[in-house]
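Open the model in your viewer and keep the sequence panel beside it. The stops below are meant to be selected in turn.

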Amino acid sequence: MSKTSEASNPVPLFPHFNHENDSAMAREYPAIWDVLRHDSRVFRGDASGWEVWYLLGFDDQREVFQKSEIFSSRVVSPFIQEKDQPPWIPLTLDPPEHQKYRRLLNPWFSEATAKEITPRVRERCVELIESFRAAGRCDLVTDFARLYPTHIFMKIMGLPVEESGKFLGWIDELMHTSDAADPDRSLRLRAQQEIARYLGELINLRRKDPRDDLVTYLTRATLDDRPLTDMELLSISFLLYMAGLDTVAGMLTYIFRHLAENPGHRAKLGEHPESIPDAVEEFLRYYAIVTTARVVARDVEFAGCPMRVGDRVVLPTAASGRDPGQLADAGKFMIDRPQNRHLSFGAGPHRCLGSHLARVELSVAIEEWHRRIPDYRIEPGAKITQHVAGVAGLDTLPLVWETNR
Amino acid sequence: MRVMVDLARCQGHARCRAICPELFELDEIDQKSHVKLPTVPLELEGRAKRAVNECPESALSLDP
């Protein structure tokens, strides 16, 4: 792959580059961003009909996240037309509209709330680990990563746990069916409709039979002195599960692959669980899974780029986390790094709502796993592939361990 | 040494609180960080500096 420069535009062009389906990206994510950064902290792509600016530096990304009046979230994907961006409330809203919805959700995902539900998170984590511990093997993706955050999410929302099998099936179909298996997206559309119907029924049920859960709370919430519409309730619910499930699952896959391949790190975290939170920050930084985007709302000269209204800006958080200008040895994983800094949960008004819960889920998983399964490795001969569009994650991670107790 | 929070920039990441809970608390309503002590005790200076450096929003500053 090579970039070229044009006399009229000094920002290097990476012809036809689309990070969502680039094969080198899929093989070598996230370290690939170090290579792409090699001669420029910015480059542009021309894979679509408009300018796409890739910003790799920490400070540039931070500013884009913070300056929502210049960089709008009304489109958060770089390659779709504006009219094709589904409304995901409140992600695709800008301030001040954004805050009206965000403030309703904040208390449910505050740091205090995350602490409060930690025992339930732990319970679910242990339940899952115990379900496969005696077998001496599991696929971390299907047996743990996809189930663990989902159950917690369903409890917060108030989705009946007895129905979880059905619900998980639809989510799996919607989020993990490949284009090859579903070329016209009809399978995924049907799953989406099932989920919408199911959530719609639940919303109606909770209007009549209120519980102490987020769906009930949202049916009673007011915004500008009016209740939320069913459309808004659905949109919020969709966003929450899209934002909360694949993300934690993806991080778990990178964390456990890393620990399967680094016995020294396993031992350290197992013997010193108090070091787990700092290690989680380093995992979040080094294996940052989210690449998001914004649309330029105002002509602006930014990071040496002449940006015009309608251009897209891509923010690969794996790149900003490895910015050599921010941290010493930014390209190295250091489990006891004394000072961290990353944008893996974004910044600005759209700072990840679930960041506190995510940190709890990841810390608890590491702690409880190593209490029960301190030593494990990747199944010999396993072919590990990953998906990188939007939210990255491994497709499979078969782990094996001794079972002599 | 004093540490200040720029409330316009603070978005409630809570890294400061995680690094130095003696110095920072989060407002229940707006989730933003507030400094609990008027000056930073000597034994907390190291962690105060770390908190300032780690804030993703660059919302914290030290004086001096």
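Predicted model: local features only at pLDDT ≥ 70, side-chain atom pairs only at ≥ 80, totals over all residues.

Residues are numbered from 1 along each chain as its sequence is written, and chains are lettered from A and ligands numbered from 1 in the order in which they are written.

**Stop 1: helix α12 of chain A and its partners**

Select residues 230-244 of chain A, helix α12, together with residues 186-208, helix α10. Helices here are DSSP runs of H or I with at least four residues, strands are runs of E with at least two, and both are numbered from the N terminus. The two helices pack at an angle of about 120 degrees, with axes 10 Å apart. Axes are lines fitted to C-alpha atoms, for helices over the stretch in contact, and angles run from 0 to 180 degrees between N-to-C directions. α10(A) is therefore oblique to α12(A); angles under 35 degrees count as roughly parallel, over 145 as roughly antiparallel, 65 to 115 as roughly perpendicular and the rest as oblique. Their crossing is right-handed, meaning that the near helix is turned clockwise from the far one by less than a right angle.

Now show the side chains. From α10(A), Ala196(A), Leu199(A), Gly200(A) and Ile203(A) meet Asp230(A), Leu233(A), Leu234(A) and Ser237(A) of α12(A). A contact requires C-beta atoms, placed from the backbone, within 7 Å. This contact of α10(A) with α12(A) has five nonpolar residues, two polar and one charged. Ala, Val, Leu, Ile, Met, Phe, Trp, Tyr, Cys and Pro count as nonpolar, Asp, Glu, Lys and Arg as charged, and the others, Gly among them, as polar.

Pro149(A), Phe153(A) and Met157(A) of α8(A) make the contact with Ser237(A), Leu240(A), Tyr241(A) and Gly244(A) of α12(A). By class, the residues of this contact are five nonpolar, two polar and no charged.

**Stop 2: the nonpolar cores**

Select Leu140(A), Met251(A), Leu252(A), Ile255(A), Phe283(A) and Val313(A), which have the most contacts inside the largest nonpolar core, a set of 100 residues. A nonpolar core is a set of buried Ala, Val, Leu, Ile, Met, Phe, Trp, Tyr and Cys residues joined through C-beta atoms within 7 Å. A residue is buried if 20 or more other C-beta atoms lie within 10 Å of its own, exposed if 12 or fewer, and partly exposed in between. Helix α13 of chain A, residues 246-261, gives the most to this core, with nine residues. Leaving aside neighbours within four places in sequence, Leu252(A) is in contact with Leu140(A), Phe144(A), Ala145(A) and Ala365(A). Another core, of 15 residues, lies apart from it and includes Ile19(B), Ala48(B), Ala51(B) and Leu60(B).

**Stop 3: where the chains touch**

How many residues does the contact take from chain A and chain B? It takes 18 from chain A and 13 from chain B. In chain A, α3 (58-66) and α17 (355-372) each supply at least two residues of the side that touches chain B. That side of chain A divides into five nonpolar, nine polar and four charged residues.

**Stop 4: backbone details**

Go to Tyr29(A) and Pro30(A), whose peptide bond is cis, with omega near 0 degrees. Pro30(A) sits in the loop between α1 (23-28) and α2 (32-36) of chain A. In chain B, a cis peptide bond joins Asp63(B) and Pro64(B), and Pro64(B) is in the segment after β4 (60-63).

Next compare two residues other than glycine with positive phi: Arg185(A), near 65 degrees, and Ala14(B), near 70 degrees. Is each of them buried or exposed? Arg185(A) counts as exposed, with 11 C-beta neighbours inside 10 Å, whereas Ala14(B) is buried, with 24 other C-beta atoms within 10 Å.

**Stop 5: Gly136(A)**

Finish at Gly136(A), in the loop between α6 (118-133) and β6 (137-139) of chain A. Gly136(A) and Glu402(A) are 266 residues apart in sequence and 5.9 Å apart in space, C-alpha to C-alpha.

Key:
Contact = placed C-beta atoms within 7 Å.
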